[in-house]
2 protein chains.
Amino acid sequence: MNLPPLIQSFVLHFGEMGSRWGINRTVGQIYALLYVSPEPLCADEIVEALGISRSNVSMSLRELQAWNLVLLRHLPDDRRDFFTTPDDVWQILRTLAEERKKREVDPTLSVLREILMQQPGSEKERYAQQRMAQMHGLIEQLTNWYDDVKRLETERLANLLSLGSKISRLLETKDRIVSLGRRSKAKASGSQPADIPPGDGEPDGGAAR
Amino acid sequence: MNLPPLIQSFVLHFGEMGSRWGINRTVGQIYALLYVSPEPLCADEIVEALGISRSNVSMSLRELQAWNLVLLRHLPDDRRDFFTTPDDVWQILRTLAEERKKREVDPTLSVLREILMQQPGSEKERYAQQRMAQMHGLIEQLTNWYDDVKRLETERLANLLSLGSKISRLLETKDRIVSLGRRSKAKASGSQPADIPPGDGEPDGGAAR
DNA sequence: CGATAATTTCAGAAATTTCTGAAATTAATA
DNA sequence: TATTAATTTCAGAAATTTCTGAAATTATCG
């Protein structure tokens, strides 16, 4: 590997983190390299920079494309493929979130749905199903939130982030005030999508530490 | 493996997903099993249920403890350890978020900080550093938001989720109205309702491109 | 203390993942 | 169509991770 020290640290770190992020070392390194390169790179430049085999680069670029994390570029009168990452880090974040959801969440959601359709054959199964319903409900709330928020343009999204929990406090206050003239316990906000499966009553009081 | 079919599907799925989630098959299976078990289980019961070696169970439980994902329980006059998961799925979510942040985000944040301290030795390094600064800024915004939001109690957190992006739209509207009497282009977050302190500065305008 | 039970450790076996080099494929050019 | 360049595929080598069984450790009890 032959890179300026500062860039090398970054590339090596991404390589090491790769496995924790569900990609492998080479994929991590290539991504890091493309991310900090001012110009798009072709496969052979990557081979050169990272000191790995041509075929490994090919497969890893393919993987990065499957993740939608790289862009393909072409130069006039040159038929090689050149690769970059999007410039906008917020765009990168969106892609990452989308792809991780697709790989790490959606399959579980669909397995849960399937299992929850079935008739429990015993008391143990009935209990298990109720636990799965709780998990399903939580995941659905999270993904609904995500589906809603992901459509925001960057500036609004950044605003939302910088507000953080402050909104919640605001809401509580508003709710408390509104409820003075209505009921006594506030239940904040409409949009509860209707298809949360039954059965997941209260999260058993036992908050367990 | 000898489990009711419905529970077996769930356990096997968690095993398969394990590698995508940064844990391994056994760890995933054990977690799933504990999660749907009404009573805490001891190591030998897990061995029995999943058909894996005692030592593997021991190591995997250790791993789950390192993740803070299981609770230790004891029965009177029995010196075996029994294991469960917390009842409250929101609590589980918090733990998961915290641990994944610790493993997947914090190390990168600290490497970025270190690299950004250094003096670039070339134009390429200067550019790379600027890219890393963008990444660092984004991660910092996200973790600040997370640090803020994670302290919310469950009910408020759920409220926040169910609101989703609506707040943002609300804010924009409010801002637009407020700005009528001030400047012409709304920059959101300029003025907040009474008890909302001024947020972190600008979201780093430099969205690249 | 010695006996027994529960658990952990760890070297190496087994399984899985990653990586390479050689061959095959694709596509542009003469 | 043959030639050359760019890229991909894939069998097996190399590296890494996971898992096991045997031995070691820890803790409790008589």
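## Contacts with DNA strand C

In the side chain of S55(A), an N or O atom lies 2.7 Å from a base oxygen of DNA strand C. The model is predicted, and the distances reported here are computed from its coordinates. Two further contacts involve the phosphates. A phosphate oxygen of DNA strand C is 2.9 Å from a polar side-chain atom of S53(A). For D81(B), a backbone N or O atom is placed 2.5 Å from a phosphate oxygen of DNA strand C.

S53(A), S55(A) and D81(B) are among the closest of the 17 residues that surround DNA strand C; T26(A) and S58(B) are also listed among the closest.

## The surface near DNA strand C

Both protein chains take part in this surface. At least two residues each come from helix 2 (25-36) and helix 4 (54-66) of chain A, and from helix 4 (54-66) of chain B. The most is given by helix 4 of chain B, which contributes 5 residues.

Sorted by class, the surface near DNA strand C comprises 7 charged, 7 polar and 3 nonpolar residues.

## The interface of chain A and chain B

How much area is buried between chain A and chain B? The figure is about 7500 Å², and carbon and sulfur atoms give 65% of that area. In chain A, the residues losing the most area to chain B are L6(A), R131(A) and W145(A), which together represent 9% of what that side buries. The contact involves 78 residues of chain A and 80 residues of chain B.

Polar interactions also cross this interface. There are 18 residue pairs in polar contact between chain A and chain B, counting pairs with both residues at pLDDT 80 or more. Helix 1 (5-18), helix 2, helix 5 (89-117), helix 6 (123-149), helix 7 (154-163) and helix 8 (166-180) of chain A each provide at least two residues of the side that touches chain B. Helix 6 of chain A gives the most to that side, with 15 residues. By class, the side of chain A that touches chain B has 42 nonpolar, 19 polar and 17 charged residues.

## Salt bridges

Side chains of opposite charge can pair when their charged atoms come close. Over all chains, the whole structure contains 22 salt bridges. Across the interface of chain A and chain B, 2 salt bridges are found. A salt bridge joins R100(A) to E104(B), with an N to O distance of 3.1 Å.

Within chain A, R113(A) and E140(A) form a salt bridge whose closest N and O atoms are 2.9 Å apart. This pair links distant parts of the chain, with R113(A) in helix 5 and E140(A) in helix 6 of chain A, 27 residues apart.

## The sheet of chain A

Chain A contains an open sheet of 3 strands in the order 1-3-2, with antiparallel pairing. Strand 1 (41-42) and strand 2 (71-73) of chain A are the edge strands, each pairing on one side only.

Strand 2 and strand 3 (residues 82-84) of chain A run antiparallel and are joined by 3 bridges. Opposite L72(A) stands F83(A), in strand 3 of chain A.

Key:
Residues are numbered from 1 along each chain as its sequence is written. Chains are lettered from A and ligands numbered from 1 in the order in which they are written. This is a predicted model: local features need pLDDT of at least 70, side-chain atom pairs count only at pLDDT 80 or more; totals for chains, interfaces and linings use all residues. Side-chain values use heavy atoms; hydrogens and water are left out. A residue is near a molecule or strand if one of its heavy atoms lies within 4 Å of it. A polar contact is a pair of N or O atoms within 3.5 Å; within protein, one must be able to donate a hydrogen and the other to accept it, and residues adjacent in sequence count only if both atoms are side-chain atoms. Helices (H or I, at least four residues) and strands (E, at least two) are DSSP runs, numbered from the N terminus. Ala, Val, Leu, Ile, Met, Phe, Trp, Tyr, Cys and Pro count as nonpolar, Asp, Glu, Lys and Arg as charged, and the others, Gly among them, as polar. Two strands pair if DSSP finds at least two bridges between them. Contact means heavy atoms within 4.5 Å. Buried area is the accessible area (1.4 Å probe) that two parts lose on being put together, summed over both. A salt bridge is a side-chain nitrogen of Lys or Arg within 4 Å of a carboxyl oxygen of Asp or Glu.
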